[in-house]
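Had a look through this one, and here are my notes. Have it open while you read.

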Amino acid sequence: MFQDEARFGRISDPRKCWAPKPFRPIVKLALVREYIYAYAAISPQDGVIDWMLGGKMDTVSMGAFLRQVSHKHPEEFVMMVVDGAPSHRAEHLRVPKNMVLVKLPPYSPELNPVEHLWDELREKEFANRVFETLGAVIAQAARGLKNMEEHPDGLRSLTGWDWILKSF
């Protein structure tokens with residue numbers, strides 16, 4: 001599985017959008033600095049995604065996410081590919097017994113297919129939207145991630161790169 005985390009919040013994400021001529025689309029903006037963090041792990045081979053929303057990106061949250069993945073896959077040994085974030089290499093991070101962490105090379109987000117998941121989520125669920133509350137952001141992120149979870153074929157297509165599928 002490949003793992004990553006991303007921040008979603010009330011700062012709007014204006015993007016290009018379509019409107020019939022001669023109309024010009026109006027997109028609201030928001031600059032409220034409230035965030036949640038989404039954790040995700042994807043198995044590109046079968047399109048399985050595990051995800052969690054949390055208030056922080058820290059070692060405690062990372063440990064909770066790893067435990068969640070471990071409990072969801074108790075009969076499997078999970079090779080979790082992670083980047084070099086401090087919470088992934090902290091001395092007191094407890095890795096479950098049925099899991100091992102494999103680190104990507106430094107400064108190589110292009111090797112992590114979960115980055116494409118975040119792009120897709122931002123484009124489909126967050127572009128050109130203004131959220132009145134942090135709760136609305138949480139609900140939107142959960143809806144988007146749940147929708148992705150229900151469509152493993154789409155995730156397999158998005159993350160199943162040749163070099164990954166041939167390597168594992």
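Which residues does Arg15 touch, not counting residues up to four places away in sequence?

1. Arg15 touches Arg122, Glu123, Ala127 and Asn128, where contact means heavy atoms within 4.5 Å. Before going on, the ground rules: this is a predicted model, where local features need pLDDT of at least 70, side-chain atom pairs count only at pLDDT 80 or more, and totals for chains, interfaces and linings use all residues. Residues are numbered from 1 along each chain as its sequence is written, and side-chain values use heavy atoms, with hydrogens and water left out.

2. Arg15 sits in the loop between strand 1 (2-11) and strand 2 (31-43); strands (E, at least two residues) and helices (H or I, at least four) are DSSP runs, numbered from the N terminus. Arg15 counts as partly exposed because its relative accessibility is 32%; the cut-offs are under 20% for buried and over 50% for exposed, with partly exposed in between (1.4 Å probe, protein chains only). Val27 is twelve residues from Arg15 in sequence, and the two are 8.7 Å apart in space, C-alpha to C-alpha.

3. Now helix 1 (residues 59-72): its 14 residues reach 20 Å from first C-alpha to last, close to the 20 Å expected at 1.5 Å a residue (that is, 1.5 Å times one less than the number of residues). Its buried residues are Thr59, Ser61, Met62, Gly63, Phe65, Leu66, Val69 and Ser70. They pack against strand 1, strand 2, strand 3 (48-54), strand 4 (78-82) and strand 5.

4. Last, Val100. This residue lies in strand 5 (residues 99-103) and, at 34% relative accessibility, counts as partly exposed.
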